[in-house]
Structure formats: structure tokens, C-alpha cells
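Keep the viewer open as you read.

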Amino acid sequence: MAGLEPGSAIPELRVTPDRFVTYRYAGASGDFNPIHIDEEFAKQVGLPGRILHGLWTMAQVARAQTEAAGGPERLKRLSVQFRGMGMLEQEITVSGTVREVRDGVVVVDTVAEQGGNQIIRNAEAELAVE
Amino acid sequence: LPVKTEAIGKTYPPVVYAVGREKIKEYAAAVGETNPIHLDPEAARGAGHGDVVAPPMFAVVYSAPAMGPAIMDPEVGINLPTMVHGGQEFAWGRPVVAGDEITTTASVKEIYERDGRGFYVFETTSTNQDGETVCSGTWTNIVRGV
């Protein structure tokens, strides 16, 4: 938990979703929306191809926080806004900065960026510290 | 066309989800979680938990089934093909572990229109078998061209 002081950055999380991740996430989560798993359908509705589940990307934002805080039970709250779309086989970077520390709670402003676009923005995490 | 707002406050039947070890493992693999407390019962017990711990975002797995009927409800009136997931918030209480039975209730929190888009905000509350709240969710869906 060292280093979670106001103004300090949490360790960056970098992840490159492989081309099959949406199938695994669909099975794990139960979200079989065809825009994530059917290339042809995705193109028919005007997308460049299958896109990531927003909640998969949110799980990467959550993982950056729990790894910074030292365990899953320390993440008490996470709110995000989804923007644009997440693409397969392109690196995503989750970064965050501690905004404030009060009453044992660290508040982190965090974003997920891919190819210069913030695909998750205005996200805010609360981490419990001892 | 203004959005219909009569469904605000409506609550849907609770959905019970039994949390399993292998499902936690499957979910952890899908999102890239490698912390052994999600995968190995001994590691989880060593860290003071009763069994393997669900990653926080596993909340999607146990609470989304309660959201289905709310999103599909004709009284809410979402035009599904034009709906996008605009925002999501979860607040977590006691960690969920394998063997827990989680009951989730969904309700309609807000429906409003802004800049020609409809905002449909739902809430879920998930409690474990001991009646403790394990997660509260706020789900914001946006429909273009209402």
C-alpha cells in the first residue's frame, strides 16, 4: 500500500486482448451479444468487427486497482463511463492517480486507454486501506 | 418522442445465484486474474477466506440475470438494438466466496431524456445467504434517438 498518497500514480496495467477473449468472456459472463462474438453481425451493424465487452474492460480497470491495493477485498467501489469501443489485439493501458485519502479510503481517478482513445473515462475507485 | 417514465420505481423478482469454485476460476481466466485466492482454496483459506474469492467484477455474473427482465420490460420501453452501456458502478461489501448463495433484486432508478438520448438507470442489490449486502450496482443504459 506504500505510495498511495494524493497525487501519486498507481502502477500501470497493460493488457492486450487476444482474438478469442470475447468468446471466453461471453461464456464466463453469460453475455452473448453477437457484436462481441459474430464478426459478420458486427460488420452488418456498422462496427469494424467484433468488439470487446465493456464490462471486460471494466474488469481490467478493477484489476489495476486491486493489484495496487494488495487484494480484491480492498476495492470498495468503482464507477466508470464507457466511451467508443474496445478493439481486439490492441494494447490497453489502465492508469490512475490518487485524488485523495480520507478515513482509510484512497480515492483514485482512473482511465483505460487504447490507441489514443479513452475507452473507459471518468472512472473513480475507492480502495480501503488500513 | 418523450421517454416513458411510469416504470420508475418498479422492482423485479429476485434471482438467486449459487457461486461455484469452477465458475470463479473460469471468470478469473477470462479477465486475466492470476491472484491464487481466486483459484486455490488453500491460498484463499490461508488469506482468511472460507473458499476461493470471487473477483469484484464477478458481480456481473451473479447480478446480471436479475437485470434481464428489467431491460426487456415493455413498460420500460428500451429500443434494444440502439441501446449502449453508458456507465456502470459497483459498491462492494463482504467478499463473495465459492459456496455463497447470492440473491439479487433489480429496480428502475431513473428514466430521463437528454440531448435526444434516453437514459435508463437501473439498480441491483445483491445479498448473501446471511443477509449481508455484498454488492450494489448502478447500470446506466443509453438509447440514441428516442
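**Pockets, cavities and the contact**

The second largest pocket has a volume of about 320 Å³. A pocket here is found on a 1 Å grid over the protein atoms alone: it is an open set of points with protein on both sides within 12 Å along at least five of seven lines, whereas a cavity is a set of points where a 1.4 Å probe fits but cannot get out, and lining residues have an atom within 4 Å of a point. Grid points are joined across faces, edges and corners, and a volume is the space filled by probe spheres set on the points. Before going further, note that this is a predicted model, in which local features need pLDDT of at least 70, side-chain atom pairs count only at pLDDT 80 or more, and totals for chains, interfaces and linings use all residues. Residues are numbered from 1 along each chain as its sequence is written, chains are lettered from A and ligands numbered from 1 in the order in which they are written, and side-chain values use heavy atoms, with hydrogens and water left out.

Back to that second largest pocket. Its lining has 17 residues, and those nearest the centre are V80(A), Q81(A), G87(B), Q88(B) and T140(B). The elements that give two or more residues to this lining are β2 (75-82) of chain A and, from chain B, β2, β3 (101-114), β4 (117-127) and β5. Helices (H or I, at least four residues) and strands (E, at least two) are DSSP runs, numbered from the N terminus. β2(B) provides the largest share, 4 residues. By class, the lining of the second largest pocket splits into 4 nonpolar, 8 polar and 5 charged residues.

Now for the largest pocket, which holds about 1,600 Å³ of space. It is lined by 46 residues, with N33(A), I35(A), H36(A), M83(B) and H85(B) closest to its centre. The top contributor is α3(B), with 8 residues. In this lining, 29 residues are nonpolar, 13 polar and 4 charged.

Let's stop at one of the central residues. Where does N33(A) sit in chain A? You'll find N33(A) in the loop between α1 and α2. Its relative accessible area is 33%, so N33(A) counts as partly exposed (buried means under 20% relative accessible area, exposed over 50%, partly exposed in between, with a 1.4 Å probe and protein chains only). H53(A) is 20 residues away from N33(A) along the chain, and their C-alpha atoms are separated by 8.9 Å.

Zoom out to chain A as a whole. It has 4 helices and 5 strands, running β-α-α-α-α-β-β-β-β from the N terminus. Its C-alpha trace spans about 50 × 30 × 20 Å along the principal axes, and 51% of its 130 residues are buried.

The largest cavity has a volume of about 140 Å³, and of its 17 lining residues, A54(B), P56(B), W92(B), P95(B) and V96(B) are the closest to the centre. β2 of chain A and α3 of chain B each supply at least two residues of that lining, which divides into 13 nonpolar, 1 polar and 3 charged. The second largest cavity comes to about 30 Å³. Its lining includes A59(A), R63(A), Y27(B) and P56(B). α4(A) gives the most to this lining, with 4 residues.

That leaves the contact between the chains, where contact means heavy atoms within 4.5 Å. It takes 25 residues from chain A and 27 from chain B. Together the two chains bury about 2,100 Å², 60% of it on carbon and sulfur atoms; buried area is the accessible area (1.4 Å probe) that two parts lose on being put together, summed over both. A30(B), M57(B) and W92(B) supply 24% of the area that chain B buries against chain A, more than any other three residues.

Key
Ala, Val, Leu, Ile, Met, Phe, Trp, Tyr, Cys and Pro count as nonpolar, Asp, Glu, Lys and Arg as charged, and the others, Gly among them, as polar.
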